[in-house]
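Colleague: I want to learn how to read features in a model like this one. Please take me through it step by step.

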Amino acid sequence: SSQIANPASTGVIIETGCGASTIVLVHFAFKFGKKLYTWDINQNKLSYIKSIIVDTIEKLFQRSVYEHWIPVPYVSTSQDLGLPILRELGKRVDFGFFDSEHTHAVLGPELDLALELVNDDAIMALDDANYNFKFKNTAYINVMRKKLGLGPVAGDASNLGDSFCDMAYARIRQKFPASVKIDDT
């Protein structure tokens, strides 16, 4: 996107939650000489994704994954090892991708922490931006329950709020009133 900050800037890419998106973001980091910091509590998933990156992207670019990807196997909102460590490292955020627990209770604080560290023209992107769970991701819970042969849990109206997209945009606009939402589908 033409709206992504100058690749030569000192800004970093951040990601909460690890998965297929990590491979894409690592490719971008390699291609543009950036660093990606990924937070996920599942160290096994981080290791698995790293093995894929080593077998593909690292070979393609002939550079070590460690030059461009810093996996952090911990909670993204931790003051000691979460997003706030970027300030200690002297890093600013050019691009953020939020794909962790998929609840307002987690996404809101992640965004707030990231917004304290953004460069001008930074972009924030959300996975499942249409979701609206406040404190419990019943969509994920019911997928897993079905796999276990269990029936679904009932939805609770008190668990529903604004879509993640609307909630995030409101938080971003509150801190940066001139911000714009990029058209999407």
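Colleague: How many cavities of 30 Å³ or more does a search of the whole structure find?

Modeller: Rolling a probe the size of a water molecule over the atoms shows where empty space is left. Here the search finds one cavity of 30 Å³ or more. A cavity is a set of points, on a 1 Å grid over the protein atoms alone, where a 1.4 Å probe fits but cannot get out. This is a predicted model: local features need pLDDT of at least 70, side-chain atom pairs count only at pLDDT 80 or more, and totals for chains, interfaces and linings use all residues. Residues are numbered from 1 along each chain as its sequence is written, and side-chain values use heavy atoms, without hydrogens or water.

Colleague: How much space lies in the largest cavity, and which residues line it?

Modeller: About 60 Å³. That volume is the space filled by probe spheres set on the points, with grid points joined across faces, edges and corners. Lining residues have an atom within 4 Å of a point. Here they include Phe98, Asp99, Ser100, Glu101 and His102. Leu107, Glu110 and Phe164 are also among them. The lining divides into four nonpolar, three polar and four charged residues. Ala, Val, Leu, Ile, Met, Phe, Trp, Tyr, Cys and Pro count as nonpolar, Asp, Glu, Lys and Arg as charged, and the others, Gly among them, as polar.

Colleague: What is the volume of the largest pocket, and which residues lie nearest its centre?

Modeller: A pocket is an open set of points with protein on both sides within 12 Å along at least five of seven lines. The largest pocket has a volume of about 780 Å³. Of its 25 lining residues, Ala122, Ile123, Met124, Ile172 and Val180 lie nearest the centre. α4 (104–115), β5 (118–126) and α6 (164–175) each supply at least two lining residues. Helices (H or I, at least four residues) and strands (E, at least two) are DSSP runs, numbered from the N terminus. β5 gives the largest share, nine residues. By class, the lining has 16 nonpolar, four polar and five charged residues.

Colleague: What about the second largest pocket?

Modeller: Its volume is about 640 Å³. Asp40, Lys45, Asp99, Ser100 and Glu101 are the closest to its centre, out of 25 lining residues. α1 (20–32), α4 and α5 (138–147) give two or more residues each, and α5 has the largest share, four. The classes are 12 nonpolar, seven polar and six charged.

Colleague: In what order do the strands of the five-stranded sheet lie?

Modeller: Strands of a sheet pair through backbone hydrogen bonds, either parallel or antiparallel. Two strands pair if DSSP finds at least two bridges between them. This open sheet has the order β3-β2-β1-β4-β5, with parallel pairing. β3 (69–72) and β5 stand at the edges with a single partner each, so one side of each has no neighbour in the sheet. Five bridges join β1 (residues 12–16) to β4 (residues 93–98). Thr16 has Phe98 as its bridge partner in β4.

Colleague: How confident is the predictor?

Modeller: pLDDT is its confidence in each residue, from 0 to 100. The chain mean is 93, and 95% of residues reach 70 or more.

Note on methods. pLDDT is the predictor's confidence in each residue, from 0 to 100.
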